[in-house]
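Me: I am new to this structure. Please take a close look at one part of it, the salt bridges, and walk me through them.

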Amino acid sequence: MSKEPGQEDVLIAEYVYRHEAEFSAGFLADAGIPFRVQADDAGGMNFTSAARIWVRSEDAEKAREILEITPDPPVIVQVDDLDEQRSG
């Protein structure tokens, strides 16, 4: 995604796993919306870091609509939290 001077990128989605972000980004690609997936996962070796999707500010509303995301802050569920919910 190329950036023009004065253009802001907007975080539209955050996922627990990189493959979830890449799957969702495919819908944006199909719609012709430029995006950037940000993941600090050591090349797929670290599964504890969130993956984020960024788009240009002018594409944010359409991107959220495509992914059916509200502009509310993302909720991240940690794997440990799921284990507690299952056992408790």
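Reply: Start with Glu58, which is exposed, with a relative accessible area of 53%. Here buried means under 20% relative accessible area, exposed over 50%, and partly exposed in between (1.4 Å probe, protein chains only). This is a predicted model: local features need pLDDT of at least 70, side-chain atom pairs count only at pLDDT 80 or more, and totals for chains, interfaces and linings use all residues. Residues are numbered from 1 along each chain as its sequence is written, and side-chain values use heavy atoms, with hydrogens and water left out.

Glu58 forms a salt bridge with Arg56, their closest N and O atoms being 3.6 Å apart. A salt bridge is a side-chain nitrogen of Lys or Arg within 4 Å of a carboxyl oxygen of Asp or Glu. By this rule the count comes to five.

Arg56 also forms a salt bridge with Asp59, with the closest N and O atoms 2.8 Å apart. Asp59 is buried, at a relative accessible area of 13%. Shared partners join Arg56, Glu58 and Asp59 into one network.

Now look at another pair. The side chains of Asp9 and Arg36 meet in a salt bridge (3.4 Å, N to O). Asp9 lies in strand 1 and Arg36 in strand 2, so the pair ties together parts that are 27 residues apart in sequence. Strands are DSSP runs (E, at least two residues), numbered from the N terminus. Asp9 is buried, with a relative accessible area of 17%. Arg36 is partly exposed, at 34%.

Methods. Helix = DSSP H or I, 4+ residues; strand = E, 2+ residues; numbered from the N terminus.
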